[in-house]
Amino acid sequence: MDILGNLAHGFSVALSVNNLLFALIGALIGTAIGVLPGIGPVATISLLLPITFGQPATTAIIMLAGIYYGAQYGGSTTAILLNLPGEISSVVTTLEGYKMARNGRAGAALATSALSSFFAGTVATIVVAGSGPLLTSVALSFGPADYFSLMLLGLIISAVLAQGSVVKSIGMVVFGVALGLVGTDVQTGQQRFTFGIPELSDGISFVALAMGMFGIAEIILNLEKPEARSVLKTEVGSLWLTREELRRATPSTLRGTMVGTVLGILPGGGAALSSFGSYMMERKVSKNRHLFGTGAIEGVAGPEAANNAAAQTSFIPLLTLGIPANAVMALMVGALIIQGIQPGPRMVEAQPDLFWGLIASMWIGNVMLLIINLPMIGMWVKLLQVPYKFLYPAILVFCCIGAYSVNNNVFDVYSTIIFAVFGYMCNKLKLEPAPMLIGFVLGPMMEEHLRRAMLLSRGDVMVFIERPISASMLAIGAIALAAMLLPNLRKGKEAALTG
Amino acid sequence: MLPRRAWLAGGAVIAALPAIAHAETSWPAQPIRLVVPFAPGGTTDLAARLVAQGLGARLGQPVVVENKPGAGSTLGAAQVAQAAPDGLTLVVSNIASHAIAPSLYRELRYHPLRDFTHIALLIETPSVFVANPHFAPRGLAEVVRLSREQPRGLDVASSGSGSSNHLLIVQFGQVTGARVNHVPYRGAGPAMTDVIADVVPMMSDSLPSASGHLRGGAVRGMAVASAARHPGFPALPTFREQGVDLVSNSWFGISGPAGLPPAVTGRLNREINAVLAEPATQRRFAELGGLVSPLSPAAYAEFIAGEVARWAPIVQASGARVE
Amino acid sequence: MKINAKDVASGVLLILIAATGLWLNGDHSLGSARRMGPGYMPMLVFWAQMGLGTIVLALAFFNGPDPLEKWTGLDASMLIISIIVGTAVGLAAPYLSSFFESSYGSLGLGMLAGFLVLAYAAGWRLLAFICAAMCAFCLLLEKGGLMLSLAATIGIACLAEPEHRARPLGVLGITIFLLAMCWWIFIKQLDIRVAVWPLQY
């Protein structure tokens with residue numbers, strides 16, 4: 001029962017007035033920046049880093065953590081209401097969430113997102129407190145070959161389960177991978193496909209790609225179809241979940257929590273994979289998989305739970321190894337170092353206040369987010385009642401400033417324009433943008449792990465089959481591919497998905 | 001809502017006192033932008049923010065850090081090289097942008113000396129070889145022997161191609177004849193993960209980013225590439241002590257565009273060195289594993305010229321080249 | 001006929017992109033499977049894309065019909081004219097003013113001109129006005145400041161909606177409201193690093 005004692009100590013730290021206040025400030029700022037497209041938690045935390053200098057370390061980290069998961073909540077809001085994914089994790093939320101909003105169930109989608117995130121956050125907090133060190137060893141047992149196979153599996157399944165033509169979707173995944181390769185080659189430093197443009201040497205901006213292909217293209221398509229806009233105006237529907245929706249969302253939330261908790265621990269691609277992974281799983285195992293693509297609540301509940309669980313468990317590598325799993329965590333390390341604290345294996349013993357206080361504040365932060373967000377759902381849904389002719393200039397302006405502020409460079413805004421045109425074209429050709437985005441995110445990591453695995457094995461391909469983790473990932477991928485390629489099975493899948 | 005504005009205002013009030021003392025000059029009349037050509041959160045970013053905070057208080061105008069990462073830190077440097085020489089736009093010049101890039105990039109948009117007014121050196125940090133605790137060799141001589149015995153050579157990780165840490169591995173191979181197989185990563189964090197997980201047995205890292213793991217015992221230090229032992233790690237022997245004549249420090253300082261008025265350069269140099277002399281700065285830089293090294297503007301420019309000349313043959317030998 | 005015109009176009013698009021990619025990839029060394037060069041992964045990826053594009057194209061002859069939207073003659077000709085005008089303006093821009101030499105100014109002016117020409121065709125109007133509005137933002141932001149560039153963006157974006165074209169006063173209202181909101185959020189609260197008024201930097 002040592003954990004209980006430690007947690008009690010953590011709560012006594014986190015519940016001090018000052019820490020509560022900063023957790024609230026963090027959650028509020030995080031929600032606000034999550035709602036604004038483009039300006040993500042990385043930019044905000046780096047802006048706010050200086051004010052944490054004057055605070056005790058625990059308070060500083062509690063506030064920054066609040067911004068981080070606040071942004072996850074806020075990001076879903078614009079994804080559901082405006083088809084604007086500000087972050088990788090909210091791309092998936094647009095798929096079913098935006099459709100739900102179009103069906104007049106925006107309130108229900110937002111409530112699902114908040115409630116399933118809260119549930120997942122609670123579970124993940126317990127996991128972090130109870131078995132952080134144990135889970136770290138799981139993350140460490142993944143070698144480059146295993147990561148490569150995991151990501152390959154992710155891409156295969158995302159394409160197999162995408163809407164519409166499977167072959168076209170795989171084509172888009174592959175094109176996404178190709179776009180991800182633009183920029184400086186990590187291993188040799190050579191510029192690839194950059195056409196001498198220095199801004200491209202760090203690759204195409206994710207924000208420009210996502211905003212252009214989803215947000216801006218959506219504005220143009222909405223303006224083209226006046227009848228689609230009137231739907232938004234008239235039907236808002238009940239804000240709350242019906243009993244039926246609650247019954248459907250619950251198992252998805254449970255599964256999403258599980259997926260997110262496990263994948264969030266993996267450094268690098270883990271958190272990005274979690275919401276995609278959960279969405280894929282729901283499409284396969286949910287009782288209502290035939291409703292996917294038309295606004296299925298399972299497709300909101302699962303991924304939202306997964307990304308919030310992953311956001312919490314991605315603290316595990318930081319707290320137990322001192323290794324940041326993503327850019328936000330790197331900033332957390334920075335904030336701690338400025339305070340004179342080296343995150344690492346000894347932090348639990350050396351800084352019990354910080355460690356357990358942070359864990360307790362994760363849960364408190366989740367409660368606060370629920371309290372902040374649930375009453376605001378009504379206000380957000382009212383946003384949809386604003387006539388579209390007034391709404392679209394605002395979205396456009398926010399996208400412009402958002403894209404610019406990522407790197408303080410107009411080049412990113414020009415990129416957004418180009419991807420808007422491309423996204424519009426893809427829509428006309430029934431090419432799915434979501435699989436492309438998955439490929440774009442996972443592609444560079446896949447290449448890195450592939451090359452590293454081959455470098456370490458001295459060119460021996462057998463390494464992918466000899467390692468048990470890698471071999472089982474590849475086997476699952478092969479089965480999925482075979483199922484798609486065998487014509488009878490493929491017909492069966494389509495019948496299951498559409499009928 | 002954001003306390004940032006309030007904080008800046010507070011800084012300005014504190015700053016009013018020294019500003020009166022320096023009433024002889026009206027510069028700076030506006031906030032100063034300090035471009036950090038790295039992503040937020042790294043060693044350089046942190047040190048720059050610490051200095052920006054102190055410098056802003058002394059100058060009476062906030063010094064606002066602006067992260068402009070990209071292209072091996074050359075994007076941010078190029079931007080400042082083109083800025084107006086009014087002392088309101090400064091850049092964190094560093095080993096990557098001002099010493100290695102001139103040899104590494106075929107078409108660099110600036111000259112590391114002619115296009116800048118170099119103001120002050122901030123910090124020097126040595127590179128360090130660290131290994132997984134289960135790695136058998138205890139010293140560099142044993143590392144060299146092991147690498148020759150293994151038919152495939154020894155894997156050594158680094159934070160990325162063309163970094164000073166990578167080039168140290170290349171130099172190590174040249175000087176000792178060790179058979180090393182460089183495994184590049186995207187940043188020091190992922191590389192460190194794989195060393196701890198024993199995917200790669202050894203890596204070359206900068207001391208600040210490795211210091212926490214060294215203190216925590218997650219990795220074992222093999223050798224530090226400074227001239228003398230580091231005060232924070234007295235048990236860690238240098239390369240030279242182990243018979244390998246290598247010294248590799250990475251460093252960064254503050255520079256502005258070419259043609260800054262000498263009065264502005266002199267004032268900035270004085271204030272920056274005063275910030276560096278503060279005990280709080282000294283303590284934090286020491287925690288980062290770096291050495292504070294105040295230099296005059298002329299000495300810093302000379303230092304950079306020496307570094308450019310020193311790295312050119314090493315970059316060439318490594319075979320790395322960016323079009 | 002059961003030709004799926006959308007899939008034909010998709011297949012051709014995928015093949016063309018892959019072929020261009022493979023051609024560009026000729027600059028990069030492939031290396032060996034052990035130490036892969038910068039060109040190895042792109043080669044694998046683009047060949048896969050080429051194969052998939054071919055399959056899409058082949059299947060398109062059996063799973064149709066799914067026709068593309070009709071293009072009028074004006075749509076097609078304005079597309080060509082706009083590309084020509086845009087390229088010409090983009091190439092000429094550096095000679096007009098030194099401002100266009102830096103920060104992608106000539107690219108922006110070329111794109112703006114191209115999109116404005118394209119907006120003449122009814123079929124392209126919405127796409128063209130929205131993109132032109134974003135170009136105006138980029139062109140004006142650094143020298144003109146946030147307020148001026150946003151006003152231009154909102155003004156052009158509103159041209160896309162017939163109801164706004166009929167009521168210029170309403171557009172003025174939207175502009176003032178959005179300017180105030182953006183100033184409050186991005187300058188007052190978030191304090192992003194950007195010039196607010198003309199000629200600030």
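**Exercise 1.** What percentage of the 499 residues in chain A do buried residues make up?

*Solution.* The model is a predicted one, in which local features need pLDDT of at least 70 and side-chain atom pairs count only at pLDDT 80 or more, while totals for chains, interfaces and linings use all residues. Residues are numbered from 1 along each chain as its sequence is written, and chains are lettered from A and ligands numbered from 1 in the order in which they are written. A residue is buried if 20 or more other C-beta atoms, placed from the backbone, lie within 10 Å of its own, exposed if 12 or fewer do, and partly exposed in between. By this rule, buried residues account for 68% of the 499 residues in chain A.

**Exercise 2.** Describe how helix 9 and helix 19 of chain A cross.

*Solution.* Begin with the elements: helices (H or I, at least four residues) and strands (E, at least two) are DSSP runs numbered from the N terminus, and chain A has 23 helices and two strands. Next, take the axes, which are lines fitted to C-alpha atoms, for helices over the stretch in contact, with angles from 0 to 180 degrees between N-to-C directions. The axes of helix 9 (residues 206–224) and helix 19 (residues 410–428) of chain A come within 7 Å and cross at roughly 55 degrees. That makes helix 9 of chain A oblique to helix 19 of chain A, since angles under 35 degrees count as roughly parallel, over 145 as roughly antiparallel, 65 to 115 as roughly perpendicular and the rest as oblique.

**Exercise 3.** Which element of chain C gives the most residues to the side that touches chain A?

*Solution.* Two residues are in contact if their C-beta atoms, placed from the backbone, lie within 7 Å, and the contact takes 59 residues from chain C and 51 residues from chain A. Among the elements of chain C that give two or more residues are helix 1 (5–24), helix 5 (125–158) and helix 7 (168–189). Helix 5 of chain C gives the most, with 16 residues.

**Exercise 4.** Where do the domains of chain B lie in its sequence, and how many Å separate their centres?

*Solution.* Domain bounds come from an automatic or database domain assignment, which for chain B gives domain 1 (4–125 + 250–318) and domain 2 (126–242). Taken over C-alpha atoms, the centres of domain 1 and domain 2 of chain B are separated by 29 Å. Their contact takes 16 residues from domain 1 of chain B and 16 residues from domain 2 of chain B.
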